[in-house]
Amino acid sequence: MDVEKTTKTFTKKKSSCHSNKIITCVFLLLLIPILVHLQASPFYFFSSHTATSRAFFNKWKGIALDASAGPSIPKNSDGLISKLRESVTFLPLKDLRFAETAMEGNTWFMSSLNDTHEANEAEYLYFPSQMSKGRLLCIKGRHATDGTKNSYALVWPEALPDSAMLMTGLTFVSDTFYDYGNLWHGLTGMAPFVGWSMKNKCLNPTRWVLFHWGELRSKMGSWLQHLMQANFGDVKIEGFGGDGPYCFEKAVVMRHNEGSMGKERKLQVFDLLRCNARRFCGISPEGKGQETNERGEPIIRLTLLMRTGSRSFKNASAVTDIFARECAKVEGCTFKVAQSENLSFCDQVRVMTYTDVVASPHGAQLTNMLFMDRNSSVMEFFPKGWLELAGVGQYAHHWMADQSGMNHRGAWWDPLDKKECPFPQQDLDCFNFYKNGKVGHNETHFAEWARIVLDQVRISKMQIATRGPTNKPQPNSIACKC
């Protein structure tokens, strides 16, 4: 009986031990695929902070190691990391599901990720962060014509993909619907990075990665690159030496241009860019804005900023004569004509620094209003067909004037007496027909308009002069805080 009892007890213990091992193995076999799936999917995010998620990852590695007694479970963390590495899933940078609404709501660039929203700031993505749960951003591919062939993934820093290159430092990643060559489009794409840097102790990027519709771009326009150099120092644009993947130690992603950036932040950004551009070009306009002539009349500097080709004046000499004549009637007014294409970056900064009123056809060259002092004045001219067919885009420089603290003194549209367009029923085709036309002039209207604007500026300057000196810092003098 004792032998039989002992045998039963031994059998029971053996069965219990065997059952525990089976349960442990089953649990681990279920746990590992779940964790692998969570790591691979950018759609899933934990709710803990970055440090917590990384601690969780390390703790999980230890638990898995201690519990992996079964023959099918790796006996060290390298095996688990290898599984995580092999499970990384790259998704297309450009998601064609959002092709029709790329400028609305969700974006087709890294479409699975949700932006961080902060009051008064442009929405952005930052890696690694709470949003990414401690994971790094990796990009693969360098296609310049098809954004769907470039891809991205989020990966644990302990489990970078095979052959991945870790790019140290801070990387600014931009995707724009427009381009980096046009002054206005480029500026609206870069301004959010300036705002983010201002909010984060004036951090400068180690490199830039530029995309347009998810397609890699290897350069930005000369004007824009000089502006970024004035603000951040040397500009290194990453072209990638191969298909990658390339993983970034730290990365900021902007994909909505100025997006939800508030007006106050835009004013601060443009103040900083103005100040840094002047410093970069060796311009120190101390006392500017309060100069007077020998009779005590305020100095008013009027600049006619010309362009060649599309949207230039049909009769530039006639327009020049009108503005020169009206300026001569105002004591203290000085007049200058500048051809934007003939000016270097610093020449443009210098001309606009010493301009109180700029008159110019609609075009990218008007983006140079950025370099005028706050409260300076802008006069804008359009070819025929723009008022009727161009849509809200024609107001871009109205918006910029407001965002940079300027006074947009109105616009003149060449009147469209009758539609000459061969596609009268198709507005878009008609606009393209008129888009690059030249600007006419109306001598009576131009003269009266110039007279009114110059008088407004004169009165404003006299009012400032009568207030006397003030100890209150002006925006242009305190802007260079980065």
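**Figure 1. Thr188 in helix H4 of the predicted model.** Thr188 is located in helix H4, and the model shown here is a predicted one. With a relative accessible area of 6%, Thr188 is buried, because the limit for a buried residue is under 20%. When neighbours within four places in sequence are set aside, Thr188 is in contact with Asn257 and Glu258. Helix H4 spans residues 183-199 and, together with S5 and S6, makes a right-handed β-α-β unit.

Figure 2. Arg207, Val209 and Phe211 point one way from S6. Trp208, Leu210 and His212 point the other way, and the residues on both sides are buried.

**Figure 3. The strand partners of S6.** Strand S5 (residues 165-176) is joined to S6 by 6 bridges, and these two strands run parallel. Within this pairing, Leu210 in S6 has Ser174 opposite to it. Strand S7 (residues 215-217) is joined to S6 by 3 bridges, and here the strands run antiparallel. Which residue in S7 stands opposite Leu210? That residue is Arg217. The hairpin formed by S6 and S7 has 2 residues between the strands, and Trp213 in its turn has a positive phi of about 60°.

**Figure 4. The largest nonpolar core.** This core has 52 residues, and those with the most contacts inside it are Trp208, Leu227 and Met228. The elements that give two or more residues to the core are S5, H4, S6, helix H5 (222-232), strand S8 (246-254), helix H6 (263-280), helix H8 (345-353) and helix H10 (396-404). Which element gives the largest share of this core? Helix H4 does, with 9 residues. Leu227 touches Leu187, Leu273, Ala277, Phe345, Leu370 and Phe371, not counting residues up to four places away in sequence.

**Figure 5. The buried residues of helix H8.** Phe345, Gln348, Val349, Val351, Met352 and Thr353 are the buried residues of H8. An α-helix has 3.6 residues a turn, so residues three or four places apart point the same way. The cover over the buried residues of H8 includes the helices H4, H5 and H6. Strands S9, S10 and S11 are also included in this cover.

**Figure 6. The open sheet of five strands.** An open sheet is formed by 5 strands in the order S10-S9-S11-S12-S13, and the pairing is parallel. Strand S10 (333-339) and strand S13 (407-413) are the edge strands, each of which pairs on one side only. On average, and with direction ignored, neighbouring strands of this sheet are turned by 15° against each other. Strand S9 (residues 300-306) is joined to S10 by 7 bridges, and the bridge partner of Thr303 in S10 is Lys336. Helix H12 (residues 443-466) lies across S9, S10, strand S11 (357-361), strand S12 (377-382) and S13, and runs at about 180° to S13.

**Figure 7. Two cis peptide bonds.** Most residues other than glycine have a negative phi, and most peptide bonds are trans. The peptide bond from Phe127 to Pro128 is cis, with omega near -10°. Pro128 is found in the loop between strand S2 (125-127) and strand S3 (136-140). Another cis peptide bond joins Gly244 and Pro245, where omega is about 15°. Pro245 lies in the loop between H5 and S8.

**Figure 8. Two loop residues with positive phi.** Asn120 is not a glycine, and its phi is near 75°, a positive value. Asn120 lies in the loop between strand S1 (91-92) and S2. Is Asn120 buried or partly exposed? At 31% relative accessibility, Asn120 counts as partly exposed. Cys202 has a positive phi of about 60° although it is not a glycine. Cys202 lies in the loop between H4 and S6, and is partly exposed, with a relative accessible area of 25%.

**Figure 9. The chain as the setting for these views.** The chain contains 13 helices and 13 strands. Of its 482 residues, 49% count as buried. Among contacts between residues at least 6 apart in sequence, 77% join residues at least 24 apart. The accessible surface comes to about 23300 Å², of which 53% belongs to carbon and sulfur atoms.

Conventions: Residues numbered from 1 in each chain as written. Predicted model: local features only at pLDDT ≥ 70, side-chain atom pairs only at ≥ 80, totals over all residues. Heavy atoms only, no water. Buried < 20%, exposed > 50% of the residue type's maximum accessible area, 1.4 Å probe, protein only. Helix = DSSP H or I, 4+ residues; strand = E, 2+ residues; numbered from the N terminus. Pairing = 2+ DSSP bridges. Right-handed = clockwise from strand over helix to strand, strands pointing away. Axes fitted to C-alpha atoms, helices over the stretch in contact; angles between N-to-C directions. Contact = heavy atoms within 4.5 Å. Areas by Shrake-Rupley, 256 points an atom, 1.4 Å probe, with all protein chains shown as cover. Core = buried A, V, L, I, M, F, W, Y, C linked by side-chain atoms within 4.5 Å.
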